[in-house]
Amino acid sequence: MSVTSDHSRDRKDPPFGFWRRSYAMLVKEFIQLRRDRVSFAMIVMIPVMQLLLFGFAINTTPRHLPTAVLLQEDSDLARSILKAMENTAYFRFTREVHSVQEFDDLLLAGKVLFGVEIPRGFERAVRRGDRPALLVAADATDPVAAGSALSALGMVVQTALQHDLHIGEPALPPFEIRAHARYNPAASSRLNIVPGLVGTILTMTMLIFTALSVTREIERGTMESLLSMPITPVEVMLGKILPYVLVGFIQAILIIGIGVLLFGVPVYGSLTLLALLSTLFITTNLAIGYTFSTIAQNQLQAMQMSIMFFLPSILLSGFMFPFAGMPVWAQYIGEGLPLTHYLRIVRAIMLKGATLPNMQYDAIALLVLMLLAMTIAVMRFRRTLD
Amino acid sequence: MSVAPTPASDIAIDVRGLSKSFGGREVVHDLSMQVKRGTIYGFLGPNGSGKTTTIRMLCGLLTPDSGEGTCLGYDIRRDADRIKRQVGYMTQRFSLYQDLSVRENLEFVARLYGVADARRAAADMIQRLGLNGREEQLAGALSGGWKQRLALGACTLPSPQLLLLDEPTAGVDPKARRDFWNEIHALAADGLTVLVSTHYMDEAERCHEIAYIAYGHLLAHGTVDQVIATSALSTWTVAGDGLNALAAELTGKPGIDMVAPFGTSLHVSGRDKAAMEASIAPYRDRDGLRWQHGEPSLEDVFIELMTRATDNFR
């Protein structure tokens, strides 16, 4: 063909070659980016999500923290004290209990962060000038959450007295508030962070392991063979999840082992229970990762979905910032994340010596999330190439 | 001689009116076919003609939009799971695990199908494929020919009754192709039914029966001789000088449907024998040309079918 040979003879290096080629590459990248909807969504979602979460949901000096009251006498003084505590804006009375056992259980299960006990005959003792003690117990596993509220307690005596009572000498307070920082009396943040890290690290690694598993088969072309063989979606899922349960278990042992040996974090509760519930948590994350894998079109999308799940997990689960300090809507989102429940479990077992009945709600929540993810995955798994 | 053979025992594939569209484009149109047990059935057609889609519908990987039928006596819509247990499907693209060794791939397949002793079955297959010494090699590191042997081994390992091979010899050297076909004939002799898609004419001629599909339409089927005979194509072979110029002159003349160079000669074919004879008459006595009335080859028939299909369906 003479036309092309003429053309190629005339062809010399065009000017601005460097810029031309860079431009060609740039145009191609933009086209690909526009076609990749998930990447596009991520460009918008990540900054918006970060901003909203940091701006609205996160509060490092949390207020209105759930508090239980054990009221053993109904007196004006008792009511003034409670009123004064509520006025600090740190405490919100969510439960009234009737026994010490109930009081302890709520703290252990993490359902309240504080407990106030006003003993029987308190007002009379005050009037007699006995200077009785009022107990405020705090769940100090998260020192950030408990810290500022506890330091505000000092003002409470004054406020309570100002309003109603004018008894005793102002120099010597007529009663004392005995604050008891339970589970972490030294307010060491390490004690809070190490168990939290168990959950965070497991979430990150487990999600990624399974998030790539189905998309990898599709991208490498092995899915066509696999689908032509007699295997069901449930069998594929179990085969892909179970090996990583072991991997996650080893990881958990590693992190907890280092935490105990190197950072001196205690394990007060049962190791068997910890192992059992950790396995449940690991499996839940694997199931969620696997679900992403059945939804994503390729490995990149699966990774992006994992990141978009991991981000709120860190911010809204109570790992970085106190859960009780978040607004209600953020707490609802938090309840839907497995990490939230596992953090309560791991902190309660390691630092508080909690037992299974204390952890019932969170264990069931993990189970429900796991089954939900597995159901979606099995339903989403395409048995044909349609 | 059996008078009325029961279809289930005699026919491996029996489908009627299969259609399938992707995104509004119909890839397979109203396709019906029957494949007898123990035969090698060649499936021919140009790229994108719907061969792969048809094969995938037969083994339950795709659901037909319309049409029905049976594969090994099982309904292709309802019994996909049963079909999968008895069908070996070799995909066009190598689809075993590249990061598993030869042995590990075969053991995986054996376990999936519930073969009693998976290790033993894999070892036997390695022996049979002549892959001894390579069993620990990663499948991804094998050459094209060996990959193809391994893939065939993997789909015959669970002793299926039907093999679906999608362009199994694409990109494989002639020696490996010949070995492969000898293997297929050996398998068919054992009673296995084989449906194989291909582009190669020599391979088509090694099939017991063939079907030709283009643009989703099944255009011809039967034995090679039947397909040639029913095409009603007559062909002249011309050898000599100035063939390029002659080809240009003949193309488009009434009655001449196809002019194709074959090495040092030219094949001139047409369905309307009389019109073609009239058109070539002026050239018959031209110096330096030797005309010979020949049999159309399978390739002539297919190219003619394809050209006609282009006009009808495109």
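This section describes the confidence, the domain layout and selected local features of a predicted model with chains A and B.

The predictor assigns the complex an ipTM of 0.83 together with a pTM of 0.83. For chain A the mean pLDDT is 86, with 94% of the residues reaching 70 or more, and among the elements of this chain the mean pLDDT is lowest in helix α1 (residues 2-10), at 50, and highest in α12(A), at 95. Over residues 1-5 of chain A the pLDDT falls below 50, and this stretch has zero contacts in the model beyond near neighbours in sequence. For chain B the mean pLDDT is 88, and 96% of the residues reach 70 or more. Residues 1-7 of chain B have a pLDDT that stays under 50, and for them the model has two contacts beyond four places in sequence. Where pLDDT is low, the predicted coordinates should not be read in detail.

Chain A is divided by the domain assignment into domain 1 (65-182) and domain 2 (189-380), and the centres of these two domains of chain A, taken over C-alpha atoms, are separated by 38 Å. Twelve residues from domain 1 of chain A and 14 residues from domain 2 of chain A take part in the contact between them. On the side of domain 1 of chain A that touches domain 2 of chain A, at least two residues are supplied by each of β1 (65-71), α5 (100-109) and α7 (143-163) of chain A.

Helix α12 of chain A, which covers residues 271-295, has 25 residues and should therefore span 36 Å at 1.5 Å a residue, in agreement with the 36 Å between its end C-alpha atoms. Of the 25 residues of α12(A), 18 are buried, so the helix is largely enclosed by the rest of the structure. Elsewhere in chain A, A:Leu226 belongs to helix α10 (residues 222-227) and counts as partly exposed, because it has 17 C-beta neighbours inside 10 Å. When neighbours within four places in sequence are left aside, A:Leu226 is in contact with A:Glu217 and A:Ile231. A:Leu226 and A:Pro322, by contrast, are 96 residues apart in sequence and 46 Å apart in space, C-alpha to C-alpha.

Chain B contains twelve helices and 14 strands, and its C-alpha atoms fill a box of roughly 75 × 50 × 45 Å along the principal axes. Of the 314 residues in chain B, 40% are buried. Among the contacts of chain B with a separation of 6 or more, 69% are between residues 24 or more positions apart. The domain assignment of chain B gives domain 1 (11-223) and domain 2 (232-295), with 39 Å between the C-alpha centres of these two domains of chain B.

An open sheet of six strands is formed in chain B, in the order β6-β7-β8-β3-β9-β10 and with mixed pairing. Because β6 (87-90) and β10 (217-222) of chain B stand at the edges with a single partner strand each, one side of each is left without a neighbour in the sheet. On average, neighbouring strands of this sheet are turned by 15° against each other, direction ignored. Within the sheet, strands β3 (residues 40-44) and β9 (residues 209-214) of chain B run parallel and are joined by four bridges, and B:Gly42 stands opposite B:Ile210 in β9(B). Helix α2 (residues 51-58) of chain B packs on the sheet, where it touches β3, β7 (162-166), β8 (193-198) and β9 of chain B, and its direction makes about 155° with that of β7(B). Helix α7 (residues 174-189) of chain B also packs on the sheet, touching β3, β7 and β8 of chain B, with its direction at about 155° to that of β8(B).

Two residues were examined for their backbone geometry. Most residues other than glycine have a negative phi. A:Ala89, however, has a positive phi near 70° and is placed in the loop between α4 (76-87) and β2 (91-97) of chain A. B:Glu167 likewise has a positive phi, near 40°, and is found in the loop between β7 and α7 of chain B.

Definitions and conventions:
Residues are numbered from 1 along each chain as its sequence is written. Chains are lettered from A and ligands numbered from 1 in the order in which they are written. This is a predicted model: local features need pLDDT of at least 70, side-chain atom pairs count only at pLDDT 80 or more; totals for chains, interfaces and linings use all residues. Two strands pair if DSSP finds at least two bridges between them. Axes are lines fitted to C-alpha atoms, for helices over the stretch in contact, and angles run from 0 to 180 degrees between N-to-C directions. Two residues are in contact if their C-beta atoms, placed from the backbone, lie within 7 Å. The expected span of a helix is 1.5 Å times one less than its number of residues. A residue is buried if 20 or more other C-beta atoms lie within 10 Å of its own, exposed if 12 or fewer, and partly exposed in between; C-beta atoms are placed from the backbone. Domain bounds come from an automatic or database domain assignment. pLDDT is the predictor's confidence in each residue, from 0 to 100.
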